[in-house]
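Colleague: Could you walk me through this one slowly? I am still learning how to read structures, and I would like to begin with the overall layout.

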Amino acid sequence: MSSIEPIRYTVDDPPRTRALAARLTVMGELAASLAHEINQPLAAMVTSAEACLRWLERERPDVDNARKAAQRIVRDGHHAGNVIRGIRTLLGRSTPQRESLQLNNTVADAVDLVREEIMQHGVGLVLDLHEDLPAVTGDPIQLQQVLINLARNGIESMADRPQHLRSLEVRTALDTEGDVLVAVSDTGSGFDPTLMPRLFEPFFTTKSTGMGLGLWICRSIVESHGGSLWASPREPRGSTFQFTIARTSA
Ligand SMILES: Nc1ncnc2c1ncn2[C@@H]1O[C@H](COP(=O)(O)OP(=O)(O)O)[C@@H](O)[C@H]1O
Ligand SMILES: [Mg+2]
């Protein structure tokens, strides 16, 4: 009688240990990226809370301005929560939402969240939204994260450009299949075409303080929606990052 050897995995098993180590590294990098992503809204919340207190502590409290500051705190708090939810979804701890949505609204929400960064960097914003888009099915917060990531990359790519030549364009359109296309274009540095396949790899970055996770996360989100995300150079300069999401089938 032949005995069947049970397959045993122990922590000494090299492939498994390596896989675990790789996963721990990815988790560590994700944690660092998460810290970075929520640090910004947290700092903004503290600033707004301090402003709110100053408006209230005046001899004649300025309730209007205090209310505006409190509203900024609420908005930034939601944003930080959404980022955490987005990362948790990617790690598989919470199920992505699947709801019917209009990508024009997702674009508008994302633009609202980066509007301050756009202004701070002296970037001109052009929105070109197709008026009659079909609904798509997806997770609005994840898709919002994709747009925020692409917009941030675009803003960062224009840092060395004279201010009047910095332009970020967000366009929605129908592609030839009748699916929804969203394109984020900039007039920035562009990228070396030979690097194109690597841009979407995790931890690929050309920035001194970059994490190299943004495009990788964007692509996983778009692909989990059955779409695709790609990059192309733009004339005379800059780049376009665009993705498609299938229309909700009737
Ligand atoms: N809009 C853009 N213009 C030029 N290069 C870009 C743009 N977006 C991304 N890249 C390139 O892709 C790399 C990876 O981007 P990303 O995954 O978002 O990571 P990070 O922004 O942390 O570097 C960037 O370091 C940059 O070289
Ligand atoms: Mg990035």
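Modeller: Reading from the N terminus, the elements of the protein follow the order α-α-β-α-β-β-α-β-β-α-β-β, and please keep in mind throughout that this is a predicted model.

Colleague: How many helices and strands does the protein have?

Modeller: The secondary structure comes to 5 helices and 7 strands.

Colleague: And what percentage of the residues count as buried?

Modeller: The protein has 250 residues, and 38% of them count as buried.

Colleague: Let's turn to the ligand. Where does ligand 1 sit, in terms of pockets?

Modeller: The space that ligand 1 takes up is the largest pocket. There, 20 residues surround ligand 1, and the closest of them are D186, T205, T206, K207 and L215.

Colleague: Which element gives the largest share of that shell?

Modeller: That is α4, which contributes 4 residues to the shell around ligand 1. Helix α4 covers residues 140–157, and together with α5 (214–224) and β7 (239–245) it belongs to the elements that each supply at least two residues of the shell.

Colleague: What is the make-up of the shell by class?

Modeller: Sorted by class, the shell around ligand 1 holds 6 nonpolar residues, 11 polar residues and 3 charged residues.

Colleague: Which atoms of T206 come close to an oxygen atom of ligand 1?

Modeller: For T206 it is an N or O atom in the side chain, 2.5 Å from an oxygen atom of ligand 1. The side chain of N153 also has an N or O atom by the ligand, at 2.8 Å from an oxygen atom of ligand 1. With L215, by contrast, the atom is a backbone N or O atom, and it lies 2.8 Å from an oxygen atom of ligand 1.

Colleague: What percentage of the ligand's accessible area does the protein cover?

Modeller: On its own, ligand 1 has 530 Å² of accessible area, and the protein covers 92% of that.

Colleague: New topic: is D76 buried or exposed?

Modeller: D76 counts as buried because its relative accessibility is 9%, and the cut-off for buried is under 20%. D76 lies in helix α2, which spans residues 63–90. Although D76 and L113 are 37 residues apart along the chain, their C-alpha atoms are separated by 8.4 Å.

Colleague: And C52, is that buried or exposed?

Modeller: C52 has a relative accessible area of 14%, so C52 is buried as well. C52 lies in helix α1, residues 14–57, and from C-alpha to C-alpha it is 9.9 Å from R72, a residue 20 positions away in sequence.

Colleague: Where is H121, then, and why does it count as partly exposed?

Modeller: H121 is in the loop between α3 (103–120) and β2 (124–129). H121 counts as partly exposed because its relative accessibility is 36%, and that class lies between the cut-offs of 20% and 50%.

Colleague: One last thing: is the peptide bond from E235 to P236 cis or trans?

Modeller: The peptide bond from E235 to P236 is cis, and its omega is near -5 degrees. As for its place in the chain, P236 lies in the loop between β6 (229–233) and β7.

Technical notes
Residues are numbered from 1 along each chain as its sequence is written. Chains are lettered from A and ligands numbered from 1 in the order in which they are written. This is a predicted model: local features need pLDDT of at least 70, side-chain atom pairs count only at pLDDT 80 or more; totals for chains, interfaces and linings use all residues. Side-chain values use heavy atoms; hydrogens and water are left out. A residue is near a molecule or strand if one of its heavy atoms lies within 4 Å of it. A polar contact is a pair of N or O atoms within 3.5 Å; within protein, one must be able to donate a hydrogen and the other to accept it, and residues adjacent in sequence count only if both atoms are side-chain atoms. Accessible areas come from the Shrake-Rupley method with a 1.4 Å probe; for residues, only the protein chains shown count as cover. On a 1 Å grid over the protein atoms alone, a cavity is a set of points where a 1.4 Å probe fits but cannot get out, and a pocket is an open set with protein on both sides within 12 Å along at least five of seven lines; lining residues have an atom within 4 Å of a point. A molecule sits in a cavity or pocket if more than half of its atoms lie within 2 Å of its grid points. Ala, Val, Leu, Ile, Met, Phe, Trp, Tyr, Cys and Pro count as nonpolar, Asp, Glu, Lys and Arg as charged, and the others, Gly among them, as polar. Buried means under 20% relative accessible area, exposed over 50%, partly exposed in between (1.4 Å probe, protein chains only).
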